[in-house]
Amino acid sequence: MDLASKYFNGIDWRYIDHSSGLEPMQSFAFDDTFSESVGKDLSCSVVRTWVHQHTVILGIHDSRLPHLQEGIRYLTEERGYNAIVRNSGGLGVVLDQGVLNISLLFKGKHDITIDEAFTVMYLLIAKMFEDEDVDIDTHEIERSYCPGKFDLSINGKKFAGISQRRVRGGIAVQVYLCVEGDGSERADMMKSFYARALQGEETKFTYPDIEPQCMASLETLLGRTITVQDVMFQLLYAIKDLGGRLNMNPITDEEWLSYEGYFEKMIERNAKINRSMD
């Protein structure tokens, strides 16, 4: 059985639309909540869409930058962005109204490799854009922000990055898709952030040397107008085309209880960063 059939054909997927009204920390808490639900067989697989206003989501390694305070001040005071630290892998990424985030949450532990979980997301994205006259490549774009083995690019320009987190028998695979706007402008902001947060210091961890022109939005790469809303519809059509069965089952009382605990953890994680800046 191929992976697309394994994860979608005849499989129930619960759609959660969080494309408005949430704070970024809430999104990461919800993904942990749904990971736990699918891991405990309290829910079928979940697909969640989320969009946030001007926020830079930092990774754990970013929280150890030698001059993190200066970097965050640049983002908040000069660029008007908030900054939070997430609980999944990777480095800093830019979120705004032109960036669509998709989370796939399904059951799995050691039986599913990291690469297999990433590939499920890649196959879904490829299905979403199969009618476009483009090839979507999956390999690291080294001079992008948050570079990784499963960067998604067209003609060498990255438009998406994938991260992964595992919680209590569930796997959350998260992708950000730069749909609208200027991808290179977002990359230029992250280049300036790292310049201020590193200030030329040597570090054990190697942070990306960003080349803004290696990143672009789908709007630019496809050469046509495309909106976040368009891509959300393409996502749902793709799941159905792959044989998935969609439902919109509401969040349960048990899930709300779990969410409160995971949200508190996100608040505490970020409180530590805020305290270090005082």
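Before listing any neighbours, I note that two residues count as touching when heavy atoms lie within 4.5 Å. I also note that I am working from a predicted model.

**Entry 1: F106**

I began with F106, which I found in strand β6, residues 99-107. Its relative accessible area is 2%, so I wrote it down as buried, the cut-off being under 20%. Next I asked which residues F106 touches, leaving aside those up to four places away in sequence. My list reads Y7, W13, V38, S45, I112, A117, V120, G170, I171 and V173. I also looked up A172: F106 and A172 are 66 residues apart in sequence, yet 6.9 Å apart in space, C-alpha to C-alpha.

**Entry 2: Q174**

From there I moved to Q174, placed in strand β10, residues 170-178. Is Q174 buried or exposed? Its relative accessibility is 5%, so Q174 counts as buried.

**Entry 3: C146**

The UniProt record, an unreviewed entry, carries the annotation "active site" at C146. I keep in mind that such annotations may be inferred rather than shown by experiment. In the model, C146 lies in the loop between β7 (137-138) and β8 (152-154). With a relative accessibility of 13%, C146 counts as buried. Leaving out residues up to four places away in sequence, I have C146 touching R86, G90, L91, G92, V93, D151 and K158.

**Entry 4: aromatic pairs**

How many aromatic pairs does a search of the whole structure find? The search gave me 13. I picked out F28 and W50, whose pair is edge-to-face, at 5.3 Å centre to centre with 75° between the planes. F28 sits in helix α2 (residues 24-39) and W50 in strand β2 (residues 45-50), so this pair ties together parts that are 22 residues apart in sequence. Both F28 and W50 are buried.

I then checked W256 and Y259. Their ring centres are 5.7 Å apart and their planes stand at 85°, so I logged this pair as edge-to-face too. W256 and Y259 both belong to helix α8 (residues 253-277), where they are 3 residues apart, about one turn of the helix. W256 is partly exposed, with a relative accessible area of 37%, whereas Y259, at 7% relative accessibility, counts as buried. I also noted one aromatic cluster formed by F30, F34, W256, Y259 and F263.

**Entry 5: two packed helices**

Last, I looked at how helix α3 (residues 68-78) meets helix α5 (residues 183-198). They pack at an angle of about 145°, with their axes 6 Å apart. I recorded the crossing of α3 and α5 as right-handed. Which residues meet there? From α3 I listed L68, E70, G71, I72, Y74, L75 and E78, and from α5 M189, S192, F193, R196 and A197. Sorted by class, this contact has 7 nonpolar, 2 polar and 3 charged residues.

Key
Residues are numbered from 1 along each chain as its sequence is written. This is a predicted model: local features need pLDDT of at least 70, side-chain atom pairs count only at pLDDT 80 or more; totals for chains, interfaces and linings use all residues. Side-chain values use heavy atoms; hydrogens and water are left out. Rings of Phe, Tyr and Trp (its six-membered ring) pair if their centres lie within 6.5 Å; planes under 30 degrees apart count as stacked, over 60 as edge-to-face and the rest as tilted. Helices (H or I, at least four residues) and strands (E, at least two) are DSSP runs, numbered from the N terminus. Buried means under 20% relative accessible area, exposed over 50%, partly exposed in between (1.4 Å probe, protein chains only). Axes are lines fitted to C-alpha atoms, for helices over the stretch in contact, and angles run from 0 to 180 degrees between N-to-C directions. A crossing is left-handed if the near helix is turned anticlockwise from the far one by less than a right angle, and right-handed if clockwise. Ala, Val, Leu, Ile, Met, Phe, Trp, Tyr, Cys and Pro count as nonpolar, Asp, Glu, Lys and Arg as charged, and the others, Gly among them, as polar.
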